[in-house]
Amino acid sequence: KEQLEIKVKEEIIQNELKTNHLIQQSRLAQMGELLSMISHQWRQPLTSISSTANSLLLQMLLGKETSQKELKKEISLIVDYSQHLSATIDDFRNFYKTDKVKETISFEEIINKAIKIIEPSLEKNGINILKSFNCYKKIDTYPSEVTQVILNLLKNAEDALTSNKIEEPEISIHTYYKGNKIYIKIRDNGGGIKKDYFPKLFDPYFSTKSTNEGSGLGLYMSKTIIEEHCNGTLGATSDTPCTTFLITMNTD
């Protein structure tokens, strides 16, 4: 009997060790995933900061005078990008928390914030962005997280348009309200997505881009935010040469 009790205790200890090991592995995996997500979100603002700073430096090296108005505008952009980077750290630090505070805001405000961040890059690549806002209904949600989703979808669209060298690149954003739901459509004419990719499109670490260009976490993270944090849905359709991402948010 004593030997049986000793054996049971040993098994319990071994199971506890295995469980703790699995928990630790899970935490390390989450940390790695979190760092990948942050790097994915930082890439665009850092590029914009570098582009803005290099533009000012080039003007100085060429001996061109920069007006106070232009200088103020460029510096303000750098400040905005820097604040976004700082906010991103806070967003991801709170990503797995359940006690986050919602804010009352319209999705049009969130979309405009995301566009402001990526607009210099879109202009540089000659990408036209069309807005058709028909909602303006305020909703209780997490603005920073939804901004990340919009920014990620816009960046993916930009990547498709530039990599496929589309002659008249265009991204359209359409919002509307129907049946107690808010709809956000983001559409690009970047060539579409292969049908074979759709079953895995939102899987973690799956990417249609090369390893150097994408972590495969952007769409996975976006779907997690919208569906698990914001009580909505995120889906995609593709009809060559266009791809459409549809965000649906409940207002009840």
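Guide: Let's start inside helix α4, where D159 and K155 sit four residues apart, about one turn of the helix. Helices here are DSSP runs of H or I with at least four residues, strands are runs of E with at least two, and both are numbered from the N terminus. The two side chains form a salt bridge, with their closest N and O atoms 2.6 Å apart. That term asks for a side-chain nitrogen of Lys or Arg within 4 Å of a carboxyl oxygen of Asp or Glu.

Before we go on, keep in mind that this is a predicted model: local features need pLDDT of at least 70 and side-chain atom pairs count only at pLDDT 80 or more, while totals for chains, interfaces and linings use all residues. Residues are numbered from 1 along each chain as its sequence is written, and side-chain values use heavy atoms, leaving out hydrogens and water.

Back to K155: it has 19% relative accessibility, so it counts as buried. The cut-offs are under 20% relative accessible area for buried, over 50% for exposed, and partly exposed in between, using a 1.4 Å probe and protein chains only. Helix α4 covers residues 143–163 and reaches 30 Å from its first C-alpha to its last, close to the 30 Å expected at 1.5 Å a residue. That expected span is 1.5 Å times one less than the number of residues. Just after α4, K165 takes a positive phi of about 50 degrees.

Now hop over to helix α5 (residues 218–229), where K223 and E227 are also four residues apart, about one turn of the helix. K223 is partly exposed at 23%, and E227 is partly exposed at 32%.

K223 has another neighbour: it lies over the face of F202, 4.6 Å from the ring centre. To count, NZ of Lys or CZ of Arg must be within 6 Å of the ring centre and within 35 degrees of the ring normal. F202 itself is buried, at 16% relative accessibility.

Rings can also pair up with each other, and the structure holds three aromatic pairs. In one of them, F133 and Y136 have ring centres 6.2 Å apart and planes at 85 degrees, so the pair is edge-to-face. Rings of Phe, Tyr and Trp (its six-membered ring) pair if their centres lie within 6.5 Å, and planes under 30 degrees apart are stacked, over 60 edge-to-face, and the rest tilted. F133 is buried at 15%, whereas Y136 is exposed at 53%. F202 and F245 make an edge-to-face pair as well, 6.4 Å centre to centre with 90 degrees between the planes. F202 lies in the loop between β5 (181–188) and α5, and F245 in strand β7 (residues 242–250), so the pair ties together parts 43 residues apart in sequence. F245 is buried, with a relative accessible area of 6%.
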